[in-house]
Amino acid sequence: MKDQGRSTRKRTGGRLRPIKKKKKYELGREPTETQVGEPRYRTIDARGRNSKIRALTTDVANVTTDGETVSATITDVVENGANPNYARRNIITKGAIIDTDEGTARVTSRPGQTGQVNAVLVDE
């Protein structure tokens with residue numbers, strides 16, 4: 001989440017002067033809204049010597065059912081509890097209900113953080 005900092009105004013309407021500048025550890029980024037489409041990824045630097053792979057678009061999901069995991073093609077985002085508009089815009093986040101060629105599944109991974117979509121089949 002992007003850090004907006006504190007308000008520049010007091011409760012009374014007076015001006016607050018900045019106490020300090022933002023530090024590197026207070027850095028925030030815009031959310032990666034992973035969409036359904038031809039797979040595209042971006043690697044970003046994380047804290048320490050680590051890096052994250054962000055999925056910008058993807059159409060592949062690892063779907064698990066009864067201990068078996070198969071690779072499935074994502075066709076549509078049915079429902080997204082994070083934001084109702086995400087379902088209309090085909091944005092995949094953790095907890096989203098997606099339609100695959102294996103059936104309807106719920107996303108258990110964070111594609112904007114890990115770069116892959118892991119899901120479990122939903123019984124309907």
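Strands here are DSSP runs (E, at least two residues), numbered from the N terminus. The model is predicted, so I kept in mind that local features need pLDDT of at least 70 and side-chain atom pairs pLDDT 80 or more, while totals for chains, interfaces and linings use all residues. Residues are numbered from 1 along each chain as its sequence is written, and side-chain values use heavy atoms, with hydrogens and water left out.

I then looked up the pairing (at least two bridges found by DSSP between two strands). Strand 2 (residues 40–45) pairs with strand 3 in the antiparallel sense over 6 bridges, and Ile44 stands opposite Lys52 in strand 3. Strand 1 (residues 34–36) pairs with strand 3 (residues 51–58) in the parallel sense over 2 bridges, where Val36 has Thr58 as its bridge partner.

Next I turned to Thr93, which I found in the loop between strand 6 (91–92) and strand 7 (97–100). Is Thr93 buried or exposed? Thr93 is buried, because its relative accessible area is 18%, and buried means under 20% with a 1.4 Å probe and protein chains only. Not counting residues up to four places away in sequence, Thr93 touches Asn80, Ala82, Tyr86 and Val107 (contact means heavy atoms within 4.5 Å). The side chains of Thr93 and Asn80 are also joined by a polar contact of 3.1 Å (a pair of N or O atoms within 3.5 Å, of which, within protein, one must be able to donate a hydrogen and the other to accept it, and residues adjacent in sequence count only if both atoms are side-chain atoms).

Methods
Helix = DSSP H or I, 4+ residues; strand = E, 2+ residues; numbered from the N terminus. Buried < 20%, exposed > 50% of the residue type's maximum accessible area, 1.4 Å probe, protein only.
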